[in-house]
Amino acid sequence: MKRTLYLKFLIAYLLFGIFGFIMVATFVSNMTFEHCRRAKAENLYSEATLIANTYAADLYNSETSLETVYRQLAALSKYMNGADVWIVNPSGRLVIDSAHMIDQNEEIIVDGFDPTITAGSYYTIGNFWGYFPEDVLSVFAPITANYKVQAYVIIHMPVSTIKKEADEYLNISYLMLLVMFLLSLIILIFFTELVYIPLRRITIATEQYASGNMDYEFSVESEDEMGYLAASLSYMAGEIARQEEDQKKFVANVSHDFRSPLTSIRGYLEAMLDGTIPPEMYEKYLKIVLNETERLTKLTNGLLTLNNLNARGMLLERTDFDINQVIRNTAASFEMTCRDKTIAIELVLTDDKMLVNADMTKIQQVLYNLLDNAIKFSHHDSVIKIETTEKRSKVFVSVKDSGIGIPKEDQKMVWERFYKSDASRGKDKKGTGLGLSIVKEIIKAHGENINCISTVGVGTEFIFSIPKAKSMDQGEEI
Ligand code: ATP
Ligand code: MG
């Protein structure tokens, strides 16, 4: 699986080379030959015309001898790469051949000679009516004297010579192709370095993570998409590992918190059954058992609330309501408990009505939990102060007690699930340690903040913010 990408790229690279070679061997080869043939024909034609108008014309004007012209043409032939220069009568009789001096008694006639073979062009390719053993390029130029075509200058050049020349050009093309092919190796190297190797590392890491080894570390040191992908993957693995850790801790806490009340319930019930606890003491121990079951119910409810908050995320039923009224109601519901401990609740509220925009039931739960804690951790005969203040578009609610306080090192942890500071353990056996984590989740869901200020032995203050209702803001502007 891992190799296929590299293999595919290698195949693509080889295909590029093979197709390049085929292209050069066919198209480019044909084009080069065509080009050379045309260029040669043009070249030879201008030579032939020149000869027809000068030396050959002189011959027909009887200004020079046959032998002189032969010598001149023989010299020219050498200059033209050994091309054969002929002068032929319209009837096909060879008058001069630059290759050898023709004996005037000997009559060489090209059988079937027909100058119209060029068909509108000025050259033809073939074996010249069987005269040559191989194909030649023959260029025709008429010699005119006295307004008549007296003869033709014909220059022959073997096609093989032209091919040889074309092949030399073609070799340059092959060389260029090879250079290109080797240069494109750079792309292969880049691909290996920038894509293949990082991708392999990422794949190995993914396999490690998939098999559960979340601690596997790897690095891709590039600042491109590959680097980003690797960083995201390793971040994701870290997050999963952290969640797994949290999950384990959570389950451990839950089991621990469920186990202790269950153990004590079981202990008391067994003691009653086997007679260790006499019937007259039942009431006392049944009360303890009842307390423990209450604690279990509270724990279950707390867990359910937290679970719902997490699962449903930010689903809030926001409405505009009067926070002062909610505070008054919540305080009133604690009247009995306060009376038992002779604790007074002092309300310092803003104007009569302070409309806020939030989920009323959830804010009520926040206030309930904070007030419950304040009362739980306050001494007898003390005062708890609930205060609302408005600042710009927000209302700040503070719940302040003068109770036992929270040690500095514990202040950060009180928001964690199941956390109970050592000081509170003795005082509150029923506490689950979930109250403040529920509070935090609710406030977070509103996009707001909650803070804790506390000094051991002096007291604790929790302050949270909620947004004012829009209508309140507008009222202020007017
Ligand atoms: P539950 O809320 O389920 O009854 P709990 O009150 O113990 O349990 P939290 O409300 O989450 O749990 O509080 C966590 C811990 O923070 C408490 O156990 C206590 O140690 C500390 N704490 C919270 N509020 C106060 C306070 N007002 N004064 C002193 N300590 C506090
Ligand atoms: Mg609490």
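Is tyrosine 285 buried or exposed? I checked, and tyrosine 285 is buried, at a relative accessible area of 18% (buried means under 20%, exposed over 50%, partly exposed in between, with a 1.4 Å probe and protein chains only).

Ground rules first. I'm on a predicted model, where local features need pLDDT of at least 70, side-chain atom pairs count only at pLDDT 80 or more, and totals for chains, interfaces and linings use all residues. Residues are numbered from 1 along each chain as its sequence is written, chains are lettered from A and ligands numbered from 1 in the order written, and side-chain values use heavy atoms, leaving out hydrogens and water.

Next, the partner. I found tyrosine 285 in a tilted aromatic pair with tyrosine 268, 5.2 Å centre to centre and 35° between planes (rings of Phe, Tyr and Trp, its six-membered ring, pair if centres lie within 6.5 Å; under 30 degrees is stacked, over 60 edge-to-face, the rest tilted). Tyrosine 268 sits in helix H6 (residues 225–273) and tyrosine 285 in helix H7 (residues 282–312), so the pair ties together parts 17 residues apart in sequence (helices are DSSP runs of H or I, at least four residues, numbered from the N terminus). Tyrosine 268 is partly exposed at 25%.

I searched the whole structure and got 27 aromatic pairs. Ring pairs also link a cluster that includes Trp86, Phe113 and Tyr152.

Last, charges over rings (NZ of Lys or CZ of Arg within 6 Å of the ring centre and within 35 degrees of the ring normal). I noted lysine 163 over phenylalanine 33, 4.7 Å from the ring centre, and lysine 440 over tryptophan 415 at 4.9 Å.

Methods:
Helices (H or I, at least four residues) and strands (E, at least two) are DSSP runs, numbered from the N terminus.
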